[in-house]
Amino acid sequence: MWIDCLLYDYIEGISLDEAICATRDCHDIALLARAFDTMACHILADSTSHGDLKPENIIVTPSLEMIPIDYDSAFTPSLAGKPATEVGTAGYQHPARDTRFFDKHLDDYSIAIISTLLHIAATDFSIVERFRDTHENPLQPRDIVAGKCPYLSTHTEAFARRGDAIRYRIASMLTSAWPRLFNLEHTLRFSQAENLATSTEGAYLDEENGLWGCRNDKGWIIPPLYDSGLDPVEGYMIAMLGGYAHLISITEGRVVHSFEKGITARSVSN
């Protein structure tokens with residue numbers, strides 16, 4: 001019988017699921033999370049999609065580069081308008097995915113859930129212990145979409161409490177009733193330093209698509225992912241996320257102080 005075969009360059013490394021199980025602490029996981037986000041940005045910017053992204057289908061090289069393998073579910077522009085032959089692995093796919101869903105957004109949900117899983121593990125290492133025991137995603141898409149995943153809700157709130165706007169927005173996308181996450185690429189690209197301005201001269205508060213950040217004529221300094229904000233004063237700005245106020249250093253690009261939920265904060269000189 002004839003069997004389709006895809007030839008691909010050999011990649012030295014281990015699968016992402018092996019890499020997760022081999023981690024020793026939250027720092028190791030944080031390195032994997034950053035490497036995954038970098039790979040994901042390249043996938044989302046491309047016109048093709050993998051179609052079955054999961055830890056077993058991603059190789060982590062010794063230099064921590066991540067490379068997808070096993071492209072038998074892939075979408076390419078030449079296949080537009082045709083039905084998919086597979087619907088991916090349920091543990092990393094939106095439950096509404098079927099063979100009619102076959103376009104460049106095929107990897108949106110998989111990317112969002114793996115990125116969220118890794119960034120949760122970077123602060124709560126117990127999720128790695130659970131993964132080691134089962135090699136299954138502790139965040140089940142069907143439960144998430146049905147609103148029956150309190151574990152995700154707890155950590156989405158934790159992202160808001162820490163002022164981690166990128167992770168908060170992506171984790172919130174997982175509850176979408178539809179598998180296409182149109183804001184994912186725009187949100188995740190801010191995880192890459194090259195997409196943020198390095199100069200803070202002339203910084204001012206600005207809005208994009210209903211969300212707020214800080215920018216100048218060079219580009220965004222603080223991503224426009226916050227619910228609201230105040231104009232920067234002496235290198236700092238106040239921004240709200242999920243009911244929490246955060247003091248952000250625009251020169252360092254990080255949250256330097258977070259207030260308890262419900263507390264109102266204002267910027268002052270000196």
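Student: Which residues are linked in a network of salt bridges?

Tutor: A salt bridge is a side-chain nitrogen of Lys or Arg within 4 Å of a carboxyl oxygen of Asp or Glu. Here Asp37, Asp164 and Arg167 are linked in such a network. The structure holds 10 salt bridges. Please note that this is a predicted model, in which local features need pLDDT of at least 70, side-chain atom pairs count only at pLDDT 80 or more, and totals for chains, interfaces and linings use all residues. Residues are numbered from 1 along each chain as its sequence is written, and side-chain values use heavy atoms, with hydrogens and water left out.

Student: Where do Glu129 and Arg132 lie?

Tutor: An α-helix has 3.6 residues a turn, so residues three or four places apart point the same way. Glu129 and Arg132 are three residues apart in helix α4 (residues 126-134), helices being DSSP runs of H or I with at least four residues, numbered from the N terminus. Their salt bridge brings the closest N and O atoms to 3.0 Å.

Student: Are Asp52 and Lys54 buried or exposed?

Tutor: Buried means under 20% relative accessible area, exposed over 50%, and partly exposed in between (1.4 Å probe, protein chains only). Both Asp52 and Lys54 are buried, and their side chains form a salt bridge at 3.9 Å, N to O. Arg132, by contrast, counts as partly exposed, because its relative accessibility is 26%.

Terms used
Helix = DSSP H or I, 4+ residues; strand = E, 2+ residues; numbered from the N terminus.
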